[in-house]
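Biologist: I am new to this structure. Could we go through it in short steps?

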Amino acid sequence: LLKLRKSSALENVIPVSHHEEITAKLQAPTTCVSSADSFDKLAEQVASLVKHYDAMATKMSDDNMKALLADMSSHLINSLILGGCEPIADDIEFNINRHMPVPFIIVEQGTPIQSVTRIGVANHGKVLIPALVKL
């Protein structure tokens with residue numbers, strides 16, 4: 001672009017009044033966010049969306065809407081797992097940091113899990129979405 005700056009072709013595309021601003025931006029040091037950091041932020045945003053859908057579903061009286069929200073959450077969870085997050089699906093004992101009982105009841109750590117009703121998601125060991133489990 002700096003070579004083009006001197007040519008008339010650049011002046012046809014970019015007004016002369018913007019040349020100095022563009023040149024300054026090209027010469028300024030840049031900060032680069034790694035793709036891992038970007039994915040981590042995206043994963044947290046998607047997890048927040050799943051939690052939002054869960055909260056909405058608890059307020060719905062229409063079973064079709066509840067099913068739609070659950071389906072949307074499942075698709076987002078699958079996308080997180082395909083993107084590299086770890087599924088929370090194979091635990092055999094309840095852990096309050098990794099699981100949420102369905103229906104919600106007070107449960108002691110280590111209670112045997114009977115089944116997983118929805119897979120949870122962790123990223124680098126941090127639980128983003130707890131697995132929904134029956135005890």
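Modeller: A salt bridge here is a side-chain nitrogen of Lys or Arg within 4 Å of a carboxyl oxygen of Asp or Glu. Keep in mind that the model is predicted.

Biologist: Which residue forms a salt bridge with Lys126?

Modeller: The closest N and O atoms of the pair are 3.2 Å apart. That falls within the 4 Å cut-off, so the pair counts. The two residues sit 82 residues apart, Lys126 in strand S5 and its partner in helix H4. The partner is Glu44.

Biologist: Is Lys126 buried, partly exposed or exposed?

Modeller: Buried means under 20% relative accessible area, and exposed means over 50%. Lys126 has 45%, so the residue is partly exposed.

Biologist: How many salt bridges does a search of the whole structure find?

Modeller: One of them joins Arg98 and Asp91, with closest N and O atoms 2.8 Å apart. Another joins Arg118 and Asp54, at 2.9 Å from N to O. With Lys126 and Glu44 also paired, the search total is 3.

Biologist: In the pair of Arg118 and Asp54, which residue counts as buried?

Modeller: The pair links strand S3 and helix H4 across 64 residues. Asp54 has 27% relative accessibility, so Asp54 counts as partly exposed. At 12%, the residue that counts as buried is Arg118.

Biologist: Which element gives the most to the lining of the largest pocket?

Modeller: About 280 Å³ of space lies in this pocket. Of its 13 lining residues, those closest to the centre include Asp54 and Arg118. H4, H5 and strand S3 each give two or more residues to the lining. The one that gives the most, with 5 residues, is H5.

Biologist: Which element gives the most to the largest nonpolar core?

Modeller: This core has 10 residues, among them Ala43, Cys85 and Leu128. Helix H4, helix H5 and strand S5 each supply at least two. The one that gives the most, with 4 residues, is H4.

Biologist: How far apart in space are Ala43 and Leu128, C-alpha to C-alpha?

Modeller: Ala43 lies in helix H4. Its relative accessible area is 0%, so Ala43 is buried. Ala43 is in contact with Leu128, as well as with Leu80, Cys85 and Asn123. Ala43 and Leu128 are 85 residues apart in sequence, and their distance in space is 8.0 Å.

Notes. Residues numbered from 1 in each chain as written. Predicted model: local features only at pLDDT ≥ 70, side-chain atom pairs only at ≥ 80, totals over all residues. Heavy atoms only, no water. Core = buried A, V, L, I, M, F, W, Y, C linked by side-chain atoms within 4.5 Å. Buried < 20%, exposed > 50% of the residue type's maximum accessible area, 1.4 Å probe, protein only. Contact = heavy atoms within 4.5 Å. 1 Å grid on protein atoms, 1.4 Å probe; cavity = no way out; pocket = protein on both sides within 12 Å on 5 of 7 lines; lining within 4 Å. Points joined across faces, edges and corners; volume = space filled by probe spheres on them. Lists of a residue's contacts leave out its neighbours within four places in sequence.
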